[in-house]
Amino acid sequence: MTIVREDPHHEASEAEAVVPPTREDPVAVAGSEVIGGPLGRFAAVGRRGWWNPLRVVVLVAIGMFALGMVQKVPCYDSGWFFGANAQYSHACYSDIPHLYYGRGFADDLVPYFDRIPDTVSGGMGYLEYPVLTGLFMEVASWLTPHGGTIQHREQVYWLVNAGMLLVCTAVIAVCTARTNRRRPWDALLVALAPAFALTATINWDLFAVALAAAGMMLWSRNRPLAAGILIGLATAAKLYPLLLLGPLFLLCLRAGKLKAWGAAVGGAAAAWVVVNLPVMLLAWEGWAKFYTFSEERGVDYGSIWLIISQQTHSSMDAANPYAIALMLLFCAGIAGLALYAPRRPRFAQLAFLVVAAFILTNKVYSPQYVLWLVPLAALARPRWRDFLIWQAAEVMYFLGIWSYLAYTTGGNSKGLPQDGYHLAIAAHLIGTLYLCTVVVRDIVLPERDPVRQDGSDDPSGGVLDGAQDAFVLGRPSHQPRHAAPPQGGPEDGYGYGYGEGYGEARPVQWGVDPAPPASPH
């Protein structure tokens, strides 16, 4: 009898490597009917033609970004400038044009170094963004012509920023597509995400998301130092990418790859210091504004704490310690899951869970924070049904917050009252928790993980991919035959093969020719 096994050192061809979503995802199959139906059995799949997955994903992402810009047209024409309520009733609000004047860029003030007059900043004093985001905003102001009215300059400033954020969108699409080389089409989840298009130009978060996505791609390419540098730069633009180092520590601890984690942490620390130290030394008060503002900020829009505060008529002064305690509780659960799971979780899965935990427990949830999760969700759970359920909840929140602000600022009772807004917040929380639950299920039952159903281990894991476990808590509850087969199979001595003449897959032990199954006769 012959047992057919995949050689762990065999390099698959382009056609064999790429996993088309229409061959495994029912929603993708249904959606493909719009463009001619699922990929055929003998279709040529690969990167040789011009219409390869990467180019398609990038073009779709650019198209969706353009649609998001079109959605802002009512505000571009008048909503940002004439009647504050219009930008909410048309759901086209953006921080970018308002902060051009409100943070001193129109007056050529240098962020962090020059104090902004209270009459301009509303008492903020200094720019309340991390240093690298401040540099992004400043570069955009240099590219904005200073002639014409302030309204015209604000419009141009938004357009300049939109152009720079479009580049970030393309980078995110490319990095997501290339993080898992066998599944570039999963990046279509990012490109077609409605919440991504709607929130892309509200703020500058896409810059940090692009740096974090590039860092994850470099980690998947076994370049931990370079990955750490990109994560450090992302942290210098927005705080959340720092959270990625936590899952990496847990996974490297379990796999015995702490040296790679140390290289990533060293690179991240060095990059962050290089960016921040000059401003810290020369403009401490301005540099510290982001951190003091984050600490002193009260309960704000979109958070579970706002629902509690408004329903109980309490100021929730203790929200900070409550939020920190709940975040630590979630992190402890994620750590236990990472070290006790029957099979080591994938990096993207834990990264999604820890960033989602931060979003769920934070004192504020701005609509653009969904951008942090979109690339992570596409890598952690590449299934259209679950992704679209979550996106529907995020779109409900996007519409809910602007309708609520229209109600509270319009003076005409048109919009969403407080209880309706609480339902919108609940939709966001439940949608995010739903996707977290599905990801946790994939970790506990690895045979349900879409990425691992083709025999992969952790394509985004870099040095973790296919590595043996060195530290595990407890005894894994799954037998190897219940879990997706490890890449190459040598870790636990089991693989999947096909017995000649029997027509069904069954677990076989590597190097052992098993006895044939009992005859059905």
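The crossing of helices α19 and α22 is left-handed. In this predicted model, the two elements span residues 347-361 and residues 418-444, respectively, and their axes come within 10 Å and cross at roughly 155 degrees. Angles over 145 degrees count as roughly antiparallel, and α19 is therefore roughly antiparallel to α22.

The α19 side of this contact consists of Gln349, Leu350, Phe352, Leu353, Ala356, Ile359 and Leu360. From α22, the partners are His428, Leu429, Thr432, Leu433, Leu435, Cys436, Val439, Val440, Asp442 and Ile443. Sorted by class, the contact of α19 with α22 comprises 13 nonpolar, 3 polar and 1 charged residues.

Helix α22 also packs against α17. Helix α17 covers residues 304-312, and its axis and that of α22 come within 10 Å, crossing at roughly 150 degrees. The crossing angle makes α17 roughly antiparallel to α22, and the crossing is left-handed. On α17, the contact is made by Ile304, Leu306, Ile307, Gln310 and Gln311; on α22, Gln418, Asp419, Tyr421, His422, Ile425, Ala426 and Leu429 take part. The contact of α17 with α22 has 7 nonpolar, 4 polar and 1 charged residues.

The structure holds 4 cavities of 30 Å³ or more, and the largest cavity has a volume of about 100 Å³. Lining the largest cavity are Thr176, Thr179, Val209, Ala212, Ala213, Met216, Tyr240, Leu244, Trp372, Pro375, Leu376 and Leu379. The elements that contribute two or more residues to this lining are α9 (150-179), α12 (205-220) and α20 (370-380). By class, the lining of the largest cavity divides into 10 nonpolar and 2 polar residues, with no charged residues.

The second largest cavity contains about 60 Å³ of space. Its lining is formed by Asn180, Asp186, Arg346, Ala378, Leu379, Pro382, Val451, Pro459 and Ser460. Here the classes are 5 nonpolar, 2 polar and 2 charged, whereas the lining of the largest cavity has no charged residues. Leu379 belongs to the lining of the largest cavity and to that of the second largest cavity.

Note on methods: Residues numbered from 1 in each chain as written. Predicted model: local features only at pLDDT ≥ 70, side-chain atom pairs only at ≥ 80, totals over all residues. Heavy atoms only, no water. Axes fitted to C-alpha atoms, helices over the stretch in contact; angles between N-to-C directions. Helix = DSSP H or I, 4+ residues; strand = E, 2+ residues; numbered from the N terminus. Parallel < 35°, antiparallel > 145°, perpendicular 65-115°, else oblique. Left-handed = near helix turned anticlockwise from the far one by under 90°. Contact = heavy atoms within 4.5 Å. Nonpolar A, V, L, I, M, F, W, Y, C, P; charged D, E, K, R; others polar. 1 Å grid on protein atoms, 1.4 Å probe; cavity = no way out; pocket = protein on both sides within 12 Å on 5 of 7 lines; lining within 4 Å. Points joined across faces, edges and corners; volume = space filled by probe spheres on them.
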